Amino acid sequence: MMRVVLIHSGGLDSTVLLYELRRQGHVLHALSVDYGQRHRKELDAAVAICTELGVDHRVADLRAIRPLLAGCALTDDKPVPEEPYDEATMRQTVVPNRNMILLSLAVAWAVSLKAEAVAYAAHAGDHAIYPDCRPTFIAAMREAVRLCDWHAVELLTPFADKRKEDIVRLGAALGAPLARTWSCYQGEALH
């Protein structure tokens, strides 16, 4: 059993990871980040899910950095691409350096808590489009996390070799509230 800071967006992947880490018996602290993204649906889902589970949850307010993350459909007034769901259209949803920013905050919190680990739900389905989900990025961050403080923190990425279908199956088996997560880039009434 470890104390783990989980980056929890409120989306499907991070919620399944929350349930998996909980099943493993870890003491959890969940971190969500408001970086000025298009809507708050994911953040609202994260709050509700963590509250229901009694997980220590914080939302870091970084809305002031939104102008520094320009050029992305999630942080600019550009339309969110619809179909086809391919590399060319989905590149428009890459928030510059997002996971490094999120990991930096999570590691800082983990160090201050003297937690043993930080976890995030990068998965194999994201490798082609999101550079900060690729194995090379994960390996570099694992080393950076190891070196950044005297307190040792491990980077957990148990979904790095999993496909979305695998994560959905695991979530269903764990009884994770998949229908209450929000993984849609649109902030409308339905995903």
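Me: In what order do the strands of the open sheet lie?
Reply: In this predicted model, the sheet is open and has 5 strands with parallel pairing. The edge strands, β3 (56-61) and β5 (154-156), each pair on one side only. From one strand to the next the twist averages 25°. The order is β3-β2-β1-β4-β5.

Me: Which residue of β2 is the bridge partner of Leu-6?
Reply: β1 and β2 run parallel and are joined by 5 bridges. Within this pairing, the β2 partner of Leu-6 is Ala-30.

Me: What is the handedness of the β-α-β crossover from β1 to β2?
Reply: Between β1 and β2 the chain passes through α1. Helix α1 (residues 12-23) lies across β1, β2 (27-34), β4 and β5, and its direction is at about 170° to β1. The crossover is right-handed.

Me: Which residue in β4 stands opposite Val-4?
Reply: Strand β1 (residues 3-7) pairs with strand β4 (residues 117-119) in the parallel sense, over 3 bridges. Leu-6 has Ala-119 as its bridge partner in β4. Opposite Val-4 stands Ala-117.

Me: How many residues of β1 are buried?
Reply: A residue counts as buried when its relative accessible area is under 20%. By that criterion β1 is mostly covered. Of its 5 residues, the number buried is 4.

Terms used: Residues numbered from 1 in each chain as written. Predicted model: local features only at pLDDT ≥ 70, side-chain atom pairs only at ≥ 80, totals over all residues. Heavy atoms only, no water. Pairing = 2+ DSSP bridges. Helix = DSSP H or I, 4+ residues; strand = E, 2+ residues; numbered from the N terminus. Axes fitted to C-alpha atoms, helices over the stretch in contact; angles between N-to-C directions. Contact = heavy atoms within 4.5 Å. Buried < 20%, exposed > 50% of the residue type's maximum accessible area, 1.4 Å probe, protein only. Right-handed = clockwise from strand over helix to strand, strands pointing away.
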